[in-house]
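Work through the exercises below with the sequence and the structure at hand. Each task is followed by a solution in steps.

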Amino acid sequence: MSGQFRENVQDILAVLPSTDDYFLLRWLRARSFDLKKSEAMLRKHMKFRKQQDLDNILAWQPSEVVRLYEPSGFCGHDREGSPVWYHIIRGLDLKGLLLSVSKQELLRFNFWSLELLLRDCEQQSQKLGKKVEKISTVFDFEGLSLRHLWKPGVELIQEFFSALEANYPEILKNLIVVKAPKLFPVAFNLIKPYITEETRRKVLILGGNWKQELLKFISPDQLPVEFGGTMTDPDGNPKCLTKINYGGDVPQHYFLRNHVRVQYDHQATVGRGSSLQVDNEILFPGCVLRWQFASDGGDIGFGVFLKTKMGERQRAAEMTEVLASQRYNAHMVPEDGSLTCTEAGVYVLRFDNTYSLIHPKHISYTVEVLLPDQTSLEKIEKF
């Protein structure tokens, strides 16, 4: 079948990054050996390669803020000789990065990383005398918090995974998750629709003994001390900082703008001396309520309340205050936030303009309820 596929794409063979059977089989496997679909996928990828200039991307250098604060890195090889790509979630300041550089640059950084890893696969193939074509990944989810669920940041990650599936099929060997907190099932559920069923099966959530478990995949001399191995930097640093960037909060002097443009789902006017209540029914604990809003015409009060009676409007004083109401300068910088709902019920987002007796406020807002992924929730509960 790969012979027929090769014949079908004869006109672009000369410009493909590789022409061996392993490369062509990746596209066939990704589309269940449907020749037409595999060909369409590969031709679309060639347009993507040209658009991203992937043939020359290894000569590209990311900007300083991305080099210093994008928390990832390539360190060592697994027991089968594949390169290992680490992602350190606690050091990921998506908002800071998106205020400092374009979304395109952050995506490009990840494509650059993938091309570096694929080049290493080729070098490993020559060195070991066997084909190395897949990448192992380790995701350290310690420190995952609600700030990581910021909508524009999550949309960037979703876009990356879509591009990964469309342009780098069959290159991930596994996605090993360590130190997954209770919030992980919610975060995973946001990414799940953007990865194939095949990739989902490669997600391995390791429990409390993750250091011992990791050694089944990576030998101690190829695994940093920080992750349970014996590898250190030349100066003895257990985190291998010369290979893995641990990121951190992006300093404001890198910021090029004060907010990220977003599209809002709803618009409303809150009359002078009045308030607007937006009800959200939460069916079970552990869901996350996420919101973004901007105002026009001045600042706006905002708080979150839990209804004590169902089916009727209640005054703020009659409800349980979950997030204290305060005034936000959302006419200058859009606001965003999220809340883990510890109990079921109707949560009310209340936009408050009762203090303004002269000016109505026009607001734009988006509200979402984020659900946990049941499978990963069950795995974490077993830990």
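**Exercise 1.** Find how far apart the centres of domain 1 and domain 2 lie, and which residues each domain covers.

Solution. In this predicted model, the centres of domain 1 and domain 2, taken over C-alpha atoms, are separated by 27 Å. The domain assignment gives residues 1-52 to domain 1, and 62-255 + 373-382 to domain 2. To their contact, domain 1 gives 11 residues and domain 2 gives 12 residues.

**Exercise 2.** Describe the area buried between domain 1 and domain 2 and the polar links across it.

Solution. Start with the area: about 1,200 Å² is buried between the two domains, 50% of it on carbon and sulfur atoms. Next, count the links: there are four salt bridges between domain 1 and domain 2, and four residue pairs are in polar contact. Then look at the side of domain 1 that touches domain 2: helix H2 (21-30) and helix H3 (35-52) are the elements giving two or more residues to this side. By type, its residues are five nonpolar, two polar and four charged.

**Exercise 3.** Is glutamate 198 buried, exposed or partly exposed, and what does its side chain contact?

Solution. Glutamate 198 sits in helix H9 (residues 197-200). Its relative accessibility is 34%, so glutamate 198 counts as partly exposed. Its side chain is joined to that of arginine 201 by a polar contact of 2.7 Å.

Note on methods. Residues are numbered from 1 along each chain as its sequence is written. This is a predicted model: local features need pLDDT of at least 70, side-chain atom pairs count only at pLDDT 80 or more; totals for chains, interfaces and linings use all residues. Side-chain values use heavy atoms; hydrogens and water are left out. Domain bounds come from an automatic or database domain assignment. Contact means heavy atoms within 4.5 Å. Buried area is the accessible area (1.4 Å probe) that two parts lose on being put together, summed over both. A salt bridge is a side-chain nitrogen of Lys or Arg within 4 Å of a carboxyl oxygen of Asp or Glu. A polar contact is a pair of N or O atoms within 3.5 Å; within protein, one must be able to donate a hydrogen and the other to accept it, and residues adjacent in sequence count only if both atoms are side-chain atoms. Helices (H or I, at least four residues) and strands (E, at least two) are DSSP runs, numbered from the N terminus. Ala, Val, Leu, Ile, Met, Phe, Trp, Tyr, Cys and Pro count as nonpolar, Asp, Glu, Lys and Arg as charged, and the others, Gly among them, as polar. Buried means under 20% relative accessible area, exposed over 50%, partly exposed in between (1.4 Å probe, protein chains only).
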